[in-house]
Amino acid sequence: MNICLFTEEEIQKPLSLADERAQHIVKVLHKNVGDTFTAGIIGKCSGIATITSVSGTKHDGGSLCFSFKPTGDGKPLYPLVMIIGFPRPIQLKRLLRDMASLGVKEVHLTATELGEKSYLNSDLATSEAGYKMLLDGTVQAGGVHVPLLVRHKSLKECLLYMKEKFPNAKNRLALDNVNPADSLPAFLHTARDAANSDHKMLTSSSLTIAAIGSERGWTDAERALLESQGYIRLGMGSRILRTETAATTAVSLILGAQGFLG
């Protein structure tokens, strides 16, 4: 836990010692009255919290009181939106945490033609559980901004949503290891060079949307649909990667090309 996050309502109140955040502050960080710890308001700002009192225990309703002073913007999310074919539930935990840790703006989970439909019914696929995983990744990164999570019943529905919400997105990429138009690294290299010229493509301010299929990849119909919506199909080598591995690799390459990981 690299930052303790609170809602705007929570930041104004004593923290129960039974709360896992309080336990981390007292038992792991070994903080006491007068000590400080890194804290933040979800979606707002980061700062420094100073402990003003600790009373009782977690077993008798004890609490930890603190004051909070904002000091930073809490690491705003990057202009990268990920479309991901629904993975195995056990992979979903790692995937969402990694997407939040890396600073992706939005994560859109979509059913695909070759994806296992039962995965969408997993307890881990609920909005509450998904938010918890994203929050865990945000805390790991020491940020306060949690990526938006949206679920879609089909790729067609997802792409329509993207078209309506992000009509001016300049870079629409679809990761595919079947006859891609180019490799992702080669495309990013060319786009980065173009960003330094008069024909800007990939910049730190331009939104990029990247789509990755489920374990079995895209069908020909989905490839045609993606291309019809302006998505360039790009590869990442001949090896077949797990969905979460492909997503993490793609995000790292794209953010690196945009200059965020330099």
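**Chatting through the fold**

Me: What helices and strands does the protein chain have?
Reply: The chain has seven helices and 12 strands. Keep in mind that this is a predicted model.

Me: And what does the C-alpha trace span along its principal axes?
Reply: About 65 × 45 × 35 Å.

Me: How much of the chain is buried?
Reply: Of its 262 residues, 45% are buried. The accessible surface is about 13,000 Å², and carbon and sulfur atoms account for 51% of that.

Me: What about contacts between residues at least 6 apart in sequence, which share joins residues at least 24 apart?
Reply: That share is 73%.

Me: Switching to helices, how do H2 and H7 sit relative to each other?
Reply: H2 covers residues 89-102 and H7 covers 243-257; their axes come within 9 Å and cross at roughly 10°. Angles under 35 degrees count as roughly parallel, so H2 is roughly parallel to H7.

Me: Which residues meet there?
Reply: From H2, you have Gln91, Arg94, Leu95, Asp98, Met99 and Leu102. On the H7 side they meet Thr243, Glu244, Ala247, Thr248, Val251, Ser252 and Leu255.

Me: Now Arg21, is that buried or exposed?
Reply: Arg21 has a relative accessible area of 13%, so it counts as buried, the cut-off being under 20%. Its place is in helix H1, residues 20-28.

Me: What is Arg21 in contact with?
Reply: Setting aside neighbours within four places in sequence, Arg21 is in contact with Met1, Cys4, Leu5, Phe6, Glu10 and Leu15.

Me: Last one: how far apart are the mean positions of the positive and negative charges?
Reply: They are 1 Å apart, counting 29 positive and 26 negative charges.

Methods:
Residues numbered from 1 in each chain as written. Predicted model: local features only at pLDDT ≥ 70, side-chain atom pairs only at ≥ 80, totals over all residues. Heavy atoms only, no water. Helix = DSSP H or I, 4+ residues; strand = E, 2+ residues; numbered from the N terminus. Buried < 20%, exposed > 50% of the residue type's maximum accessible area, 1.4 Å probe, protein only. Contact = heavy atoms within 4.5 Å. Areas by Shrake-Rupley, 256 points an atom, 1.4 Å probe, with all protein chains shown as cover. Lys, Arg positive; Asp, Glu negative; His and termini not counted. Charge placed at Lys NZ, Arg CZ, Asp CG, Glu CD. Axes fitted to C-alpha atoms, helices over the stretch in contact; angles between N-to-C directions. Parallel < 35°, antiparallel > 145°, perpendicular 65-115°, else oblique.
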